[in-house]
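Hi everyone, thanks for coming. I'd like to walk you through some side chains today, so please have a look at the screen.

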Amino acid sequence: MSWAGLTTLFLAVSGVYGSRLDISSFQECKSRQNLSSTALQDLLQTVPDADRIRESVRYYTNGSHLPGQGLQQALWTKELWDAIGLPNTSVKSYSANLTFPKEHRVALLDTAREEDPVVYEAPLIEDNPPKAGDGQPSFIPAFFACAGVGNITAQYIFANYGTQEDYDDLVRANVNITGKIAVVKSTYESAVLKKYNLPYHRARQEAVAIQMGLAGMLIYPDPQMDDDIIVENGYQPFPDGPARPPSLIERGSVGKCTSDQIPAIPISYADAIPILRALKGHGPLATDFNDRWQGGGLTSHGVTYNVGPSPENVVLNVINNPQNQAGSVHDVIGTIPGCAFPDEVIILGNHRDAWGPGAGDGNSGSAALNEVARSLATALKNGWQPLRTIILASWEGEEVGQIGSRPWMSENNSQMNSSLAAYLNVVVAGAGTKFHAQGSPLLAQAMHNATGQVQAPSTEQTVLEAWGNELGLGSGGDSMVFLEYAYSVVDFGFSRGPKDPVFPYHSLFDTYSWMEQYGDIGFAHHVATTKIWLQLVTSLANEAILPYRVQGYASVLQDGLESLSSIANLSAHLDLTSLKAVIEDFAPASAKFDAYSDSLADQVQQQPVDDSLLAQVRSVNHIYTNFERLLGDPDLPGGDANYHLIIGPAPYYFQTNAFPGLRTAIAAENWTLAATYRDKIVNQLSRAVTFLG
């Protein structure tokens, strides 16, 4: 069924919000349920199968599937969903500007050498890369999407993680950074940046480098991020062991494709070694700086972590000349219409595209989504039907700015505006033993309930007990698109823990073989993620009243306020009295509304549902569904990265602090802008208190 057809169904059954759903229709829907709640949960805990997940991972990782290469996989996914009985499937294609590698170079030069100035040239592809299957596109050399085009030769510096704070440290140390090429560490899963609450994505590294006047940038993954799983501790690199291969390169996108971008290229730590060694004796040492600069993992390779600049004769030549072309991305959509509240929608999503084979990111999530689809289809065959509409979405294009989910959301936002109750995303289903979850506090209780019903692999604990029920603020993957419209989102899955094998993120080593040998032996964590996803979606789709808690925001707002109040000398520049007052008002208002919701849920369970009670149910669900929308910036359009006033956009491996725009203004000491953000937050929270009644 097309979305237009589904919209027609919504209007036909229930009309716009405020119209009355006939009680006989509600009772008929309930009576058609041939599975009890217990039987449904038992079924959904037994259907997910590790071998079927293996089959999906093996298929998706068999060849290159960059954004724009996904039509064959989209058709395969649709055929699979059709075969298992998922209703209303379709492939939706969108035109896109695509980027592929063409001409790229990173070379260390000594111009004082007359005959051959090349000291080292990076191969820009991993050693022994995997071969694609028959008829599949070959895997690609390393490049960054949306990096600036150019051929530059310049002196270079080592700039730690390439954060604003790092460049400020260099400037204070009188290190000349203007016009230089910065060599920086990858920020992926950096414990150091998490410690200092610096959620940096490579796009932000690029933006800061531009702002600070750098000519170019190279990003490498320093083994510092690998905890104890390093060669120096006796671990062999993959494929012989769990440690990071020296030639591993982290590909990715560095932001929007605009004309002011500077050339940037990813390199391996094997490539970084000769480049950083050549800085020995030039400029201060990293150890001369603060704690953020400590702990580099290449000292055993002769790297001293001098920051430079390099001597005038020791330069880098960086060429970035990608192939840009028009093409298409292809989303696969499946829809299970709700029989009682069809205009209340739950979306489950994952992205199929990947920078390499993608066994972990994101095809572990793709495989889990296929098993969710099969499990729900099995439940349908056994007589179950959800009260609310469920949409399953297999996106293409997340890795280059969500170019598959973004146009779909833009196209459907007018229908979704008061209908979309939640977006549930999985990027990495199983690439380690640590459960991660971040999203809207509104969904914290639902996540608590879902993880409490699933056994953690290889333990006697539930996932909830192993996890600790810490739903962080954030998003991840395609959920960032939905967060940009202020919808309630969550992203979750199992990723690398500190004692787990190193995850070969965005590299050609993210293979089926790595997953089978090291990432998730037996695919038990994939299965656990699938079960959590099923518990979560059936809870949201089946309960008469959405199992939300507005109170989840109360502690987040209070913690955010306390964090702001602890900033030195802030009170001299910004008065937070009004913010404190509205947060104090919000706490009892949210508690009162949730208590009313609980009381209403008890009535639904204990007495026949009549028109009056059903109208109250619809009213509560309307408030829960639309509450998050009040937290958007009234001066920005939905779809803007900075739209949500409380939760900032971030990849799945970072969690954020409350009030991102306000924090950014405070950090920049732009007190006029900070006061504007404060007032917006106060006004929107005041509206939210009124909305809760």
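Which residues do ring pairs link into a cluster? They are Tyr188, Phe503, Tyr505, Trp514, Tyr652, Tyr653 and Phe654.

A quick word on the ground rules. This is a predicted model, where local features need pLDDT of at least 70 and side-chain atom pairs count only at pLDDT 80 or more, while totals for chains, interfaces and linings use all residues. Residues are numbered from 1 along each chain as its sequence is written, and side-chain values use heavy atoms, with hydrogens and water left out.

Now, the rings. A pair of aromatic rings is described by the distance of the centres and the angle of the planes. Here, rings of Phe, Tyr and Trp (its six-membered ring) pair if their centres lie within 6.5 Å; planes under 30 degrees apart are stacked, over 60 edge-to-face, and the rest tilted. Searching the whole structure gives 32 aromatic pairs. Take Tyr60 and Trp76: their ring centres are 5.4 Å apart and their planes stand at 80 degrees, so this pair is edge-to-face. Tyr60 belongs to helix H4 (residues 50–60) and Trp76 to helix H5 (residues 71–84), so the pair ties together parts 16 residues apart in sequence. Helices (H or I, at least four residues) and strands (E, at least two) are DSSP runs, numbered from the N terminus.

Are these two buried or exposed? Buried means under 20% relative accessible area, exposed over 50%, and partly exposed in between, with a 1.4 Å probe and protein chains only. Tyr60 is buried at 1%, whereas Trp76 is partly exposed at 24%.

Another edge-to-face pair is Phe492 with Trp533, at 6.1 Å centre to centre and 85 degrees between the planes. Phe492 sits in strand E15 and Trp533 in helix H16 (residues 524–542), so to speak distant parts of the chain, 41 residues apart. Phe492 is buried at 0% relative accessibility, and Trp533 is buried at 0% as well.

Let's finish with His506. You'll find His506 in the loop between strand E15 (489–495) and helix H15 (512–519), and at 4% relative accessibility His506 counts as buried. What does its side chain make a polar contact with? The partner is the side chain of Asp361, at 3.2 Å. By polar contact I mean a pair of N or O atoms within 3.5 Å; within protein, one must be able to donate a hydrogen and the other to accept it, and residues adjacent in sequence count only if both atoms are side-chain atoms. The backbone oxygen of Arg251 also lies 2.8 Å from a polar atom of the His506 side chain.
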